[in-house]
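Look through the model below before reading on. The text then takes its parts in turn.

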Amino acid sequence: PTQSGSMESPRNTVAVVGGGLVGALASLYFAKRGWKVLVFEKRPDTRLPENQGFARGRSINLAISERGLSSLGRVDPDLESMVLDMSIPMHGRMIHSPTGHLESHPYSVFGEHINSVSRSDLNSLLLSKAEEYPDVDIYFNHSFTSADFDSNTLKFADRANNKEVTFTADLIIGADGHYSKVRQELQRKTMVNFQQEFIEHGYCELTMNPKNGKFAMDPNHLHIWPRKTFMLIALPNLSNSFTCTLFMPWRDFEKIKNDDDLMALFNTHFPDAVDLIGHDNLKKEYFSNPKGNLGYIKCKPYNYKGKVVILGDAAHCMVPFYGQGVNCGFQDVAALDEIMLSASNACNDSTSSMTSNQLQAALDEYSATRPKDAAAIVDMALEHYIEMRSDVSDFSYKLRKNLEGV
Ligand code: FAD
């Protein structure tokens with residue numbers, strides 16, 4: 001069946017592929033600007049209790065900072081405070097030495113901080129806010145398979161009904177993450193310069209449960225156990241737990257074959273964390289939780305004519321050490337909105353009647369300006385891993401930071 005988007009309507013229709021964090025925010029922005037919005041997400045609706053098992057994304061929680069918060073505030077001033085209300089402020093790093101000694105490194109003398117938020121809570125909030133607009137339809141269990149951009153046509157596998165469905169839309173947003181199928185289609189259609197690299201390190205998440213109902217460590221810090229070639233970090237959750245993430249070279253993960261190997265690593269390098277995570281929990285989670293890969297993607301251009309544009313990880317995946325992947329993806333949406341508003345000559349804050357020429361001008365401009373900024377953050381994120389796992393424990397680093405007054 002072919003289902004038509006805007007063909008009967010004078011307003012433009014946008015098809016957002018991917019209902020993750022960036023796709024959900026993009027939907028909200030386009031709905032606010034008067035578009036008919038169709039969102040396609042391959043997973044089921046993870047807001048429903050029966051689908052919680054599908055909610056897992058690239059990490060359980062994440063740090064959101066000014067770059068992302070201001071992009072939320074641009075579309076809805078209440079959204080920034082709603083997200084802060086469901087976040088825990090982290091005012092600095094807490095460095096754990098191998099002997100268990102703690103040292104706090106504040107991020108700012110002016111009180112600036114980053115915020116730990118649950119990925120699934122944030123995603124649910126953004127999807128629900130988008131759905132408050134009557135012209136937003138979210139199609140869960142719809143996996144994008146292919147597109148003919150010239151005829152504005154997209155095909156999906158409707159997983160719930162086991163059939164292929166076709167939609168049309170004036171504009172296609174690819175917000176389908178690191179392994180973006182929309183980006184692959186874009187690469188077939190136009191000359192996309194593309195660079196991808198996986199780093200030698202992977203990650204595994206572990207839970208540090210509350211102790212007597214309270215946080216087991218100071219909740220207002222991002223905790224780091226820097227060990228030169230590897231590290232453990234922990235971010236707080238509203239449930240008074242922490243999510244710890246072990247970042248380590250794959251060759252070291254491969255050496256851990258049994259409980260004894262695991263306990264030798266943790267007892268030597270993270271003895272205080274062993275007590276807080278708990279021996280049994282550590283063994284159970286380490287061997288059952290997935291291990292994730294880490295890498296980056298740079299590409300350019302991000303668009304094909306005025307028909308399709310990729311945003312978020314689909315366009316510029318980065319390693320997580322600068323805590324900027326989502327923040328940068330949110331900023332993509334705000335930056336595109338700003339460009340579209342000025343390209344549409346809109347006098348009423350609506351971009352939904354943009355002509356195809358105006359759309360092409362806007363996407364060309366976005367694609368000419370945004371990749372440079374994204375590539376800079378991708379590089380900074382790579383550099384920051386060395387700072388986090390190594391430099392923060394060096395005497396020279398501390399001296400420099402003291403001299404800088406931070
Ligand atoms: P995704 O979150 O990957 O969402 C893509 C969505 O598209 C998903 O819902 C997926 O199901 C859907 N999809 C995929 N393919 C299809 C298809 N064919 N059809 C339909 N739907 C599809 N960033 C930060 O800013 N701060 C942090 O602290 C932080 N910590 C991180 C920690 C780790 C360990 C990792 C790995 C990443 C971290 N990031 C962090 C980066 C962050 O996770 C990503 O930048 C972010 O998830 C990108 O959002 P996105 O919406 O572009 O992509």
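The paragraphs below cover the domains, the nonpolar core and the ligand site.

This is a predicted model. The protein is divided into domain 1 (2-89 + 118-196 + 295-387) and domain 2 (198-293 + 391-404). Taken over C-alpha atoms, the centres of domain 1 and domain 2 are 31 Å apart. Where the domains meet, domain 1 contributes 13 residues to the contact and domain 2 contributes 15 residues. On the domain 1 side, S4 (61-64), strand S5 (87-90) and helix H12 (356-389) each supply at least two residues. By class, that side of domain 1 consists of seven nonpolar, four polar and two charged residues.

In soluble globular proteins, nonpolar side chains tend to be buried together. The largest nonpolar core here has 105 residues, and those that touch the most other members are Ala15, Leu25, Ala26, Ile172, Ile173, Cys244 and Leu311. Domain 1 and domain 2 each give at least three residues to this core. Leu25 has Leu126, Phe330 and Val333 among the residues it touches, leaving aside residues up to four places away in sequence.

The ligand is surrounded by 36 residues, of which Gly18, Gly20, Gly177, Gly312 and Gly325 are the closest. At least two shell residues come from each of helix H1 (21-32), strand S4 (61-64), strand S10 (142-148), helix H10 (313-316) and helix H11 (325-343). H11 provides the largest share, four residues. The shell comprises twelve nonpolar, 17 polar and seven charged residues. Both domain 1 and domain 2 are represented in the shell, each with at least three residues.

Definitions and conventions: Residues are numbered from 1 along each chain as its sequence is written. This is a predicted model: local features need pLDDT of at least 70, side-chain atom pairs count only at pLDDT 80 or more; totals for chains, interfaces and linings use all residues. A nonpolar core is a set of buried Ala, Val, Leu, Ile, Met, Phe, Trp, Tyr and Cys residues joined through C-beta atoms within 7 Å. A residue is buried if 20 or more other C-beta atoms lie within 10 Å of its own, exposed if 12 or fewer, and partly exposed in between; C-beta atoms are placed from the backbone. Domain bounds come from an automatic or database domain assignment. Two residues are in contact if their C-beta atoms, placed from the backbone, lie within 7 Å. A residue is near a molecule or strand if its C-beta atom, placed from the backbone, lies within 6 Å of it. Ala, Val, Leu, Ile, Met, Phe, Trp, Tyr, Cys and Pro count as nonpolar, Asp, Glu, Lys and Arg as charged, and the others, Gly among them, as polar.
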